[in-house]
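Trainee: I would like a close look at one part of this model. Please walk me through the strands and how they pair.

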Amino acid sequence: MEAKQINILHLYYDLMNLYGDWANAAVLERELDYRGFNVRLDKKSVGDDIDFSGYDFIYIGSGTERSFVACMRDLSRFKDAFIECIETGVYVLATGNSHELFGQSVTDCDGNEHEMLGLLDFETVQSATRVTGDCVFSAKPPFYRDKLIGFINRAGGSQTGEIERPFSVEPGAGAGFKACDEGIMYKNLLGTYMTGPLLVRNPPMMMYFADKLTGERAKHESKRTDMFFEYQGSGYYTALDELK
Amino acid sequence: MKVFFAVIICRILYFTGKCIGRGSSLPGKVVLRFFPDVLGRLSLPGIIIAVTGSNGKTSVTELIVHALKESGKSVAWNHEGSNQTEGVATLLLRSASLGGKVRSDAVVMECDERYAKKIFEKVHPTVLLITNLCRDQLTRNGHHEFVADCLRAAIDVLGDGVKLVLNADDPYVSALVLPKTAQGDGSGVLYFGVGSSGDGVSPAAGMYDDGAYCPVCKARMTYNYRIMGHFGDYKCNGCGFSRNKPDIDLTTQENRPLVFMYNFCAAVAVCNAVGIDASDAAESLKGYELKGGRTVSLKIGERKGFLFISKHENSFAYDCSLSRIIEQKKPCTVIVLVDSISRKYYTSETSWLWDINFDLLSDENVKNIVLAGRYANELAARFKMSGVSRDKVGLVFDLSGLRDFIEENTSGDVYAVTCFSDRVKLFKALKR
């Protein structure tokens, strides 16, 4: 029987790539390949023709505030097609500031308001201060049972709007952020302020997406033979131990 | 009287600190707490040079000081490397007489890029050098465009009374004076750069390309040639923002590593900005070996090599060091040690490992790679996702076994890449 085909789109790979973000798409490709699926990873960016149909997973990473505005400017060409994608249940992961794209608007620290995709009912207002630091997240059901390790690197400010938040910042851990709920979820769209290669650093999160995309549960850890997964897992515990 | 007491307190704390091996920022910190405006009351020399940017600050500061001294000038500078407001305060106060006069002909102060504005509010440099803007310590700095905004604010504090010395090859640095200075006008700005090697082709940018989009308008940029990372001869396809022709480009005069050449050209440009002839400055720096250099000799038994000190959380520094290793063109073993990520603040952040172009180590001369330290697992995962052959990679978690592992399992010269924070551990582990 021929292996199932899974198509991944890494959107704005060269613009929204603040800090090793490329690894999120790459590690998922690797995991799906390990499980025996045919995987195609497409990279698209500003000015490219993009046909959103046929993708099973779309990833957007984080960028500088100026890059983010350029990203929204370009993405507005595909607004309807992209929203249609999400409505039909395609898995989308947006890390760092890119999840702000799905709200109503972003007001930058100079007071300029930028219109966003308007899919979800929240607004982001940025301030000139910078928020950076290690953090530990807990995730709400139905997502993950495990703690997640992350790194926040965003403009200060706040989000307003009554929407479902998938993640909770563990107070005191890492850089000592205050407890708060964060991120966005809608159908199979998931967004968070966590930046960097979080699917590498958090094997449970990588497994969640791999399970969903393949429609099968992963083999138990003890039955896996790949060293990558072992290193990835040990790295996760090293960081978690350090951040407690 | 204020100045008198400030100088006395600073001197006492500085010498006490020196005796007990403490850093040089504390005296300035204490004095500024009691006399916050004291720096403004000092009588400073006519030449005050500030050096800032992501990479190369310490090295280029040392070069400038050497060239100034060679030209007959006496210089006060923060040679201990304390480059935040308190460190600069210590430098000025310990160099001042009891009456508050800094008697040297010139002051050279290395300034942290995030603290530049605060420092300039207290001390106005006459020359400001900005070396480059790269991804560096994102845990502390956010990102390079955020740092660029901090530097823009710092330049605004200075007004027109400063001569800017900028890296022409780095679009983020050159964009700092836009739109204030008309493109190509360059009044009050001196540019340095490194010429093309003549290959004309852009080398691969590595794991990311910060030169892909214009820092001014975010349209795509094209390069006639690249030097390294986002340095090169760039032009924006949208707004037309492009590289300024460097006033100082001495690439042809010395056959030294690229990083040194940038520091060399920057130092010569600064000397030129304070009235020293560029060729005299270049001559005085010829063959100069940095005392605070980042290349340190290594020896394991009969095997020789180097440690290339590379800041953790700085993929640019790592990429430069890996390139240096390949340039040696010798069969070798490479140690990458990540044990504690920062010595100054607390972090367990490893995203930067994914920005480093470890594929460079696919080179056939690299026979073995040893990944060591607390983060060896993360390094191993990173290497698994690179093009480097699995067969040549070994892991050492416990550093006490590092030397035995290297002697028993590896061959060739030994090159190590790690940060200041892990340097002592490395030398301890390699000692028998």
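**Strand pairing**

Mentor: Keep in mind that this is a predicted model. Start in chain A. Strand 11 of chain A and strand 12 (residues 189–192) of chain A run antiparallel, joined by three bridges. Within that pair, A:M185 of chain A faces A:L190 in strand 12 of chain A.

Now widen the view. In chain A, six strands make up an open sheet. Their order is 2-1-3-4-12-11, and the pairing is mixed. Which strands stand at the edges? They are strand 2 (38–44) and strand 11 (184–186) of chain A. Each has a single partner strand, so one side of each is left without a neighbour in the sheet. On average, neighbouring strands of this sheet are turned by 10° against each other, direction ignored.

Six bridges link strand 9 (residues 295–300) of chain B with strand 10 (residues 303–309) of chain B. The two form a hairpin, with two residues between them. B:G301 sits in the turn and has a positive phi of about 60°. B:I300 stands opposite B:R303 in strand 10 of chain B.

Last, the contact of the two chains. Chain A gives 35 residues and chain B gives 29 residues. On the chain B side, helix 6 (138–141), helix 7 (144–158) and helix 12 (376–384) each supply at least two residues. The largest share comes from helix 12 of chain B, with five residues. By class, the side of chain B that touches chain A has twelve nonpolar, ten charged and seven polar residues.

Definitions and conventions
Residues are numbered from 1 along each chain as its sequence is written. Chains are lettered from A and ligands numbered from 1 in the order in which they are written. This is a predicted model: local features need pLDDT of at least 70, side-chain atom pairs count only at pLDDT 80 or more; totals for chains, interfaces and linings use all residues. Two residues are in contact if their C-beta atoms, placed from the backbone, lie within 7 Å. Helices (H or I, at least four residues) and strands (E, at least two) are DSSP runs, numbered from the N terminus. Ala, Val, Leu, Ile, Met, Phe, Trp, Tyr, Cys and Pro count as nonpolar, Asp, Glu, Lys and Arg as charged, and the others, Gly among them, as polar. Two strands pair if DSSP finds at least two bridges between them. Axes are lines fitted to C-alpha atoms, for helices over the stretch in contact, and angles run from 0 to 180 degrees between N-to-C directions.
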